[in-house]
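Open your viewer and get your selection tool ready. We will walk through the model one stop at a time, and at each stop you will learn what to select and what is there.

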Amino acid sequence: MDFGDSAEHAAFRSRVRAWIDARRPFPATGSETSEAQLDEWHAALRAEGLVGLSLPTDVGGQGLDIMYENILLEELGAAGAPPIWRRGYLARTLDRFGTAEQRIRFVPPALAGTEKWCQGFSEPEAGSDLASVRTRAVQDGAGYRISGQKVWTSGGHRADWCLLLARTDPDARKHAGLTCFLVDMTSTGVLARPFRQLTGENYFSELFFDDVLVPAGNILGEAGGGWRVTAAILSLERGPADIGFLSDFQSAVVATARALASRPGLQTPDAMLAFGRAAASVELLRLRAAESLYNRGDGDWDPAEASVDKLLMARADQELANGLAEAFGPAWLLESGGDVTSRYLWSRAATIRGGTAEIQRTIVATRLLGLPRG
Ligand SMILES: Cc1cc2nc3c(=O)[nH]c(=O)nc-3n(C[C@H](O)[C@H](O)[C@H](O)COP(=O)(O)OP(=O)(O)OC[C@H]3O[C@@H](n4cnc5c(N)ncnc54)[C@H](O)[C@@H]3O)c2cc1C
């Protein structure tokens, strides 16, 4: 593929670069208090027409081709600016699978950030083997009654809506009896219990659903068609472009290069080697993300390809964290609440979230390389 910009893309890149430059100094990211700052950043991007670039205009997007998303990420990353909103792939799913009414009702506030979403998939007994979910949805008149427990729900306690996977037909084949629901988190019977993680933040929740009544009109896709929606969500979530990690990693490379340049004492051979390796991983990821988006825009894209993106993303994340730890040494690692510590601890999750590295390797082996299952 040609990684160069067309004339339109180049003009957009210049506009975005100028807009980002005018926003310096950027809000800090990475701590619990930065949540509000990230909301403000999202609102500023939105006001400039930089959210939902490749989504249709009737739902509040900009109707542009998908490479515009990539340009935005690259420019945010190169400038060291905060990333885009991480739940953008859920808005894309609502647009893709929603009915005409659902699209108009749900996508614009999701893009505006006025309604926040969480993803209610994983359960205590269903993670890698997601199709084993036990949360039940039983038809009751014009709706469904949902009961069960979800875990590891990112931002669950801050969400207004949950895109939830539940079993609607216990007698159907494992993958066939599942349905996706749009659940209002203020419904009677919903409890979101945040829990504190290694970094000291309350990022995750356990969600409990106790006989929660959800209208049948809030099914996303078809009843019994939940696995199709789920597979699409997972493939979007595994691409670094859709969740904004790419620009986050690029920003960290820029910041680290500056820190190393300004403190020659830190430039030991080991630190430079570790940082160089990390920077190369991030650059490889950038090229891969551009290629994936280009192919996706062309329709020439197997969703299993997202597992390659995910593996490269996890490697870039962990090599970056390791590189930073090496460069800045144990004193920085131990510094409480420091960015290096936080990034290092968060990076441990990179090979778990969105599907573990082992599962991604199996997908690559069986679906892309055609190897037999063990
Ligand atoms: C930062 C973060 C954010 C998350 N956000 C969300 C969210 O918003 N919503 C949500 O629903 N979930 C979320 N999750 C949960 C995540 O999707 C699961 O943790 C993940 O899918 C793994 O499931 P598990 O934790 O149950 O591990 P398990 O499935 O129990 O796996 C345990 C270990 O066994 C290995 N293993 C399991 N099966 C196989 C196999 N067949 N072959 C080889 N190895 C195997 C795994 O690779 C892993 O090493 C998040 C997780 C993290 C870390």
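Start by selecting D211, which lies in strand β7, residues 204–215. Helices (H or I, at least four residues) and strands (E, at least two) are DSSP runs, numbered from the N terminus. Although D211 is not a glycine, its phi is positive, at about 55°. Its relative accessible area is 41%, so D211 counts as partly exposed. On this tour, buried means under 20% relative accessible area, exposed over 50%, and partly exposed in between, with a 1.4 Å probe and protein chains only.

Before moving on, note that this is a predicted model, in which local features need pLDDT of at least 70 and side-chain atom pairs count only at pLDDT 80 or more, while totals for chains, interfaces and linings use all residues. Residues are numbered from 1 along each chain as its sequence is written, and side-chain values use heavy atoms, with hydrogens and water left out.

Next, select W152 in strand β3. W152 has a positive phi too, about 60°, and is not a glycine. Is W152 buried or exposed? Its relative accessibility is 52%, so W152 counts as exposed.

- A ligand nitrogen is 2.7 Å from a polar backbone atom of Q119.
- A ligand oxygen is 2.7 Å from a polar backbone atom of S122.
- A ligand oxygen is 2.7 Å from an N or O atom in the side chain of E358.

For the next stop, select R24 and P25: the peptide bond between them is cis, with omega near -5°. P25 sits in the loop between α1 and α2 (34–47).

A cavity is a set of points, on a 1 Å grid over the protein atoms alone, where a 1.4 Å probe fits but cannot get out; lining residues have an atom within 4 Å of a point. How many cavities of 30 Å³ or more does a search of the whole structure find? It finds 1. The volume of the largest cavity is about 240 Å³, where a volume is the space filled by probe spheres set on the points, and grid points are joined across faces, edges and corners. Select G52, E69, I84, G88 and R92, the closest to its centre of the 19 lining residues. The lining of the largest cavity has 12 nonpolar, 4 polar and 3 charged residues.

In helix α3, select I71. I71 counts as buried because its relative accessibility is 3%. From I71 to E291, the C-alpha to C-alpha distance is 12 Å, although they are 220 residues apart in sequence.

Key:
Polar contact = N/O pair within 3.5 Å; in protein donor to acceptor, adjacent residues only side chain to side chain. 1 Å grid on protein atoms, 1.4 Å probe; cavity = no way out; pocket = protein on both sides within 12 Å on 5 of 7 lines; lining within 4 Å. Nonpolar A, V, L, I, M, F, W, Y, C, P; charged D, E, K, R; others polar.
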